[in-house]
Amino acid sequence: MCHNHAITDDNLRRAIICAPDEAERKHLTLARKALSRGATRKNICDGTFLADFDANKETI
């Protein structure tokens, strides 16, 4: 999934639906939330967007 052009809200939504387990669904949901807040596709692809959620102690 981590091709920059593939990181879209619609693709993330589809990936959440098809995710094999709860952990993957949570990760993808946070990625979708980060994208909606303006995170870059690169931040989502390399996982650095997660630091923002950890710093704010956010959950889904």
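A helix here is a DSSP run of H or I with at least four residues, and helices are numbered from the N terminus. The model is a predicted one, and its secondary structure comes to 4 helices and 0 strands, so that, by this definition of the elements, the order from the N terminus on reads α-α-α-α.

**The chain as a whole**

- The chain has 60 residues, and buried residues make up 23% of them.
- When contacts between residues at least 6 apart in sequence are taken together, 34% of them join residues at least 24 apart.

- Side chains of opposite charge can pair when their charged atoms come close.
- With a salt bridge taken as a side-chain nitrogen of Lys or Arg within 4 Å of a carboxyl oxygen of Asp or Glu, the count comes to 5.
- One of these joins R13 to D10, with the closest N and O atoms 2.5 Å apart; the two residues are 3 apart in helix α1, which covers residues 9-18, and this separates them by about one helical turn.
- D10 also forms a salt bridge with R14, where the closest N and O atoms are 2.7 Å apart, and these two residues, both in helix α1, lie 4 residues apart, again about one turn of the helix.
- D10 counts as partly exposed at 31% relative accessibility, as does R13 at 33%, and R14 is likewise partly exposed, with a relative accessible area of 45%.

- In helix α2, which covers residues 22-36, the side chains of R25 and E22 meet in a salt bridge of 3.2 Å, N to O.
- What separates R25 and E22 along the helix? They are 3 residues apart in α2, and therefore about one helical turn lies between them.
- R25 is partly exposed, with a relative accessible area of 28%, and E22 counts as partly exposed too, at 44% relative accessibility.
- Returning to the salt bridges that share partners, these join D10, R13 and R14 into one network.

**Length, buried side and ends of helix α2**

- Helix α2 has 15 residues and reaches 21 Å from its first C-alpha to its last, which is close to the 21 Å expected at 1.5 Å a residue.
- Which residues of α2 are buried? L28, L30, A31 and A34 are buried in this helix, and because they cover an arc of only 155° around the axis, they are on the same side of α2.
- Where α2 starts, a side-chain oxygen of D21 reaches to within 3.3 Å of the backbone nitrogen of A23.
- After α2 comes G38, whose phi is positive, near 105°.

Key: Residues are numbered from 1 along each chain as its sequence is written. This is a predicted model: local features need pLDDT of at least 70, side-chain atom pairs count only at pLDDT 80 or more; totals for chains, interfaces and linings use all residues. Side-chain values use heavy atoms; hydrogens and water are left out. Buried means under 20% relative accessible area, exposed over 50%, partly exposed in between (1.4 Å probe, protein chains only). Contact means heavy atoms within 4.5 Å. The expected span of a helix is 1.5 Å times one less than its number of residues. The arc is that of the directions from the helix axis to the C-beta atoms. A polar contact is a pair of N or O atoms within 3.5 Å; within protein, one must be able to donate a hydrogen and the other to accept it, and residues adjacent in sequence count only if both atoms are side-chain atoms.
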